[in-house]
Amino acid sequence: MIHPSHLPDTRRALGTLAMLAMLLPAILMLPTHGMGVSIPYYVPVHSALEVVSVVVASLIFAIGWSSSRHSGPRAVLVVSSLFLGIAILDLMHLLSFRGMPDFITPSSPQKAIDFWLAARTFAAAAMLAAALLPWRRPAALPRHVLATLVLLAVLAISVLLTYRPQWLPLTYADNLGLTPIKIRFEYALIAVHLAVALLCYRHLRAPRTFNAAGLLAATCIIAMSEFLFTLYVDVTDLHNLLGHLYKVVAYVFLYEALFGETVEIPYQRLQESEQYLTATLDTLPDLLFEVDESGTHVNVHAR
């Protein structure tokens, strides 16, 4: 059973999740001969979707980074720091996509997929951190340390994938499509996200400490996105496009959950505190004067 404190968040999140889940069987029933056909002008469409993803990931980082200045929650700081890395890796994936101008080294499906898998690994780690770390305790490490560690990891990954891609297994072959190792990697990411979903469901059964419903929707939608990315034959076909659309929706859910926890809820608590203070002052039987250091009366509270 879902705890009543989660019900306002749960209705919209689970409604969207159910709708996207029902679309999957319909997608699987579509004629397979048309699903692997390259979509004309896919490169600008892909670029637009990835730009949206990069922007949302950057906003997630910005919100968490700003809130951590005032002893923000540990989970928020870790998730936002990881999304800094995700934003950079998604941008590298965009610049490495086939059809884009050469970025340092020639663009290719293998290069784009490698950056994609790196970004998705960071995303799985971020979702796992969001489900496991506390949302009411301050961060254990300074925010600059976490951001620096993430940037160093992204730099090492970028150098490896740009200059030494031959050190990594093949993930895509022309005329053959995805290799088994790429598909197995995607399924491993799906397993992580489903584990996060189970953790979120456990949080939904307890009193609300964070937006577990939004996190549950985000991680399940990412899992569906990863499943679609195991199906495409050509990097510009319909399965690939749908996978990107699902990913953007998941990012928006995560952004809304993080925005609510770090911006909206603190303001609501401040407003409630001010209302309580005003109500307390209004019940005092005597006049109450506020005086500054120079002795000037600046306010008066009376029934």
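Biologist: Why is isoleucine 86 called buried?

Modeller: Its relative accessible area is 0%. Buried means under 20% relative accessible area, exposed means over 50%, and partly exposed lies in between, with a 1.4 Å probe and protein chains only. Isoleucine 86 is therefore buried. The model is a predicted one, in which local features need pLDDT of at least 70 and side-chain atom pairs count only at pLDDT 80 or more, while totals for chains, interfaces and linings use all residues. Residues are numbered from 1 along each chain as its sequence is written, and side-chain values use heavy atoms, without hydrogens or water.

Biologist: Where is isoleucine 86 found, and with what is isoleucine 86 in contact?

Modeller: Isoleucine 86 belongs to helix H4; helices (H or I, at least four residues) and strands (E, at least two) are DSSP runs numbered from the N terminus. Contact means heavy atoms within 4.5 Å. Leaving aside neighbours within four places in sequence, isoleucine 86 is in contact with Ala57, Ala119, Arg120, Phe122, Ala123 and Tyr251. The C-alpha atoms of isoleucine 86 and alanine 123 are separated by 6.8 Å, although the two residues are 37 residues apart along the chain.

Biologist: Does lysine 247 count as buried or exposed, and why?

Modeller: Lysine 247 has 2% relative accessibility and therefore counts as buried. Lysine 247 is placed in helix H9. Beyond its neighbours within four places in sequence, lysine 247 is in contact with Glu50, Ser53, Asp90, Trp116, Arg120 and Ser225.

Biologist: What makes isoleucine 104 count as exposed?

Modeller: Its relative accessibility is 58%, so isoleucine 104 counts as exposed. Isoleucine 104 sits in the loop between H4 and H5. Its phi is near 70°, a positive value in a residue other than glycine.

Biologist: Which residues touch the most other members in the largest nonpolar core?

Modeller: A nonpolar core is a set of buried Ala, Val, Leu, Ile, Met, Phe, Trp, Tyr and Cys residues joined through side-chain atoms within 4.5 Å. The largest such core has 59 residues, and Phe83, Leu215, Ile221 and Tyr246 touch the most other members. Among the helices that each supply at least two residues of this core are H1 (7-28), H7 (180-204) and H9 (238-282). A second, separate core of 16 residues includes Tyr42, Phe97, Trp116 and Leu117. In soluble globular proteins, nonpolar side chains tend to be buried together.

Biologist: What does leucine 215 touch?

Modeller: Not counting residues up to four places away in sequence, leucine 215 touches Met127, Ala130, Ala131, Cys200, Phe210 and Leu254.

Biologist: Why are H7 and H8 called roughly antiparallel?

Modeller: Their axes come within 9 Å and cross at roughly 160°. Axes are lines fitted to C-alpha atoms, for helices over the stretch in contact, and angles run from 0 to 180 degrees between N-to-C directions. Angles under 35 degrees count as roughly parallel, over 145 as roughly antiparallel, 65 to 115 as roughly perpendicular, and the rest as oblique. H7 and H8 are therefore roughly antiparallel. H7 passes H8 in a left-handed crossing; a crossing is left-handed if the near helix is turned anticlockwise from the far one by less than a right angle, and right-handed if clockwise. The residues of this contact divide into 16 nonpolar, 3 polar and 2 charged, where Ala, Val, Leu, Ile, Met, Phe, Trp, Tyr, Cys and Pro count as nonpolar, Asp, Glu, Lys and Arg as charged, and the others, Gly among them, as polar.

Biologist: At what angle do H5 and H6 pack?

Modeller: H5 and H6 pack at about 160°, with their axes 10 Å apart. That angle makes H5 roughly antiparallel to H6. The crossing of H5 and H6 is right-handed. Residues of H5 including Phe115, Ala118 and Phe122 meet residues of H6, among them Val150, Val154 and Ile157. The contact of H5 with H6 divides into 8 nonpolar, 2 polar and 2 charged residues.

Biologist: How do H3 and H4 pack?

Modeller: The angle between H3 and H4 is about 155°, with their axes 8 Å apart. H3 is therefore roughly antiparallel to H4. Their crossing is left-handed, and the residues of their contact divide into 13 nonpolar, 9 polar and 2 charged.

Biologist: How many helices and strands are in the protein chain, and what percentage of its residues count as buried?

Modeller: The protein chain has 9 helices and 4 strands, and 46% of its 303 residues count as buried.
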